[in-house]
Amino acid sequence: MILKIVIVAIICVFISSCVKPYNAEIANLVSVCGGVIIFLLCVDELKEIINYIVDIANVSNINFDFLTIILKILGVGYVTEFASDIAEDFGNKTLSSKVLLGGKIVICGMTIPIIKKLLSMLLSFLS
């Protein structure tokens, strides 16, 4: 898997470097396409990781609702970072920072159910 990722990265860097003096926009597009290809190569591995985590949760009787929220938070974090990097690759630092801010706000909103449950558990222990 990592060999495929490295090969795609090297090919994209080479093509981008060769094209950049003639057309910077196409060089950026090659870089973004390389990033998308690398992301797609990682999807199967990501599925295996999620299945493994779900299996562990089933064996250990962990609340599946929390696990779902945590996996969604991780997904939002990765997608946000990926989108931010794409915006930055195209030279739009302002949009990149706004994407990161939006991702952080969404993640904060997604943690509210976990915080509420932890607080209720804490209050039940104290009473």
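Let's start with Asn23, in the loop between helix H1 (2-19) and H2. Helices here are DSSP runs of H or I, at least four residues, numbered from the N terminus. Asn23 is partly exposed, with a relative accessible area of 28%. On that scale buried means under 20%, exposed over 50%, and partly exposed in between, with a 1.4 Å probe and protein chains only. Asn23 and Asp65 sit 42 residues apart in sequence, and their C-alpha atoms are 49 Å apart.

A word on the model. This is a prediction: local features need pLDDT of at least 70, side-chain atom pairs count only at pLDDT 80 or more, and totals for chains, interfaces and linings use all residues. Numbering runs from 1 along each chain as its sequence is written, and side-chain values use heavy atoms, leaving out hydrogens and water.

Confidence next. pLDDT is the predictor's confidence in each residue, from 0 to 100. The protein chain averages 88, and 100% of the residues score at least 70.

On to H2, with Ile38. Ile38 lies in helix H2. Its contacts, leaving aside neighbours within four places in sequence, are Ile5, Val8 and Ala9. Contact means heavy atoms within 4.5 Å. Ile38 and Met1 are 37 residues apart along the chain, with 10.0 Å between their C-alpha atoms.

Now H3. H3 has 26 residues and spans 37 Å from first C-alpha to last, close to the 38 Å expected at 1.5 Å a residue. That expected span is 1.5 Å times one less than the number of residues. Which residues of H3 are buried? They are Phe66, Leu67, Ile69, Ile73, Thr80, Ser84 and Ala87. Their cover includes H2 and H4. Just after H3, Gly91 takes a positive phi of about 85 degrees.

Take Thr80, in helix H3. Thr80 counts as buried because its relative accessibility is 13%. Not counting residues up to four places away in sequence, Thr80 touches Val99, Leu100 and Gly103.

Across to H4, residues 93-126, where we find Ser96. Why does Ser96 count as buried? Because its relative accessibility is 2%. Leaving aside neighbours within four places in sequence, Ser96 contacts Ser84, Ala87 and Glu88. Two of those names, Ser84 and Ala87, were on the buried list for H3.

Last, the largest pocket. Its volume is about 460 Å³. The method: on a 1 Å grid over the protein atoms alone, a pocket is an open set of points with protein on both sides within 12 Å along at least five of seven lines, while a cavity is a set where a 1.4 Å probe fits but cannot get out. Lining residues have an atom within 4 Å of a point. Grid points are joined across faces, edges and corners, and the volume is the space filled by probe spheres set on the points.

The largest pocket has 22 lining residues, and the closest to its centre are Phe39, Leu46, Leu74, Tyr78 and Val79. Helices H2 (24-60) and H3 (64-89) each supply at least two lining residues. H2 gives the largest share, 11 residues. By type, the lining divides into 15 nonpolar, 3 polar and 4 charged. Nonpolar covers Ala, Val, Leu, Ile, Met, Phe, Trp, Tyr, Cys and Pro; charged covers Asp, Glu, Lys and Arg; the others, Gly among them, count as polar.
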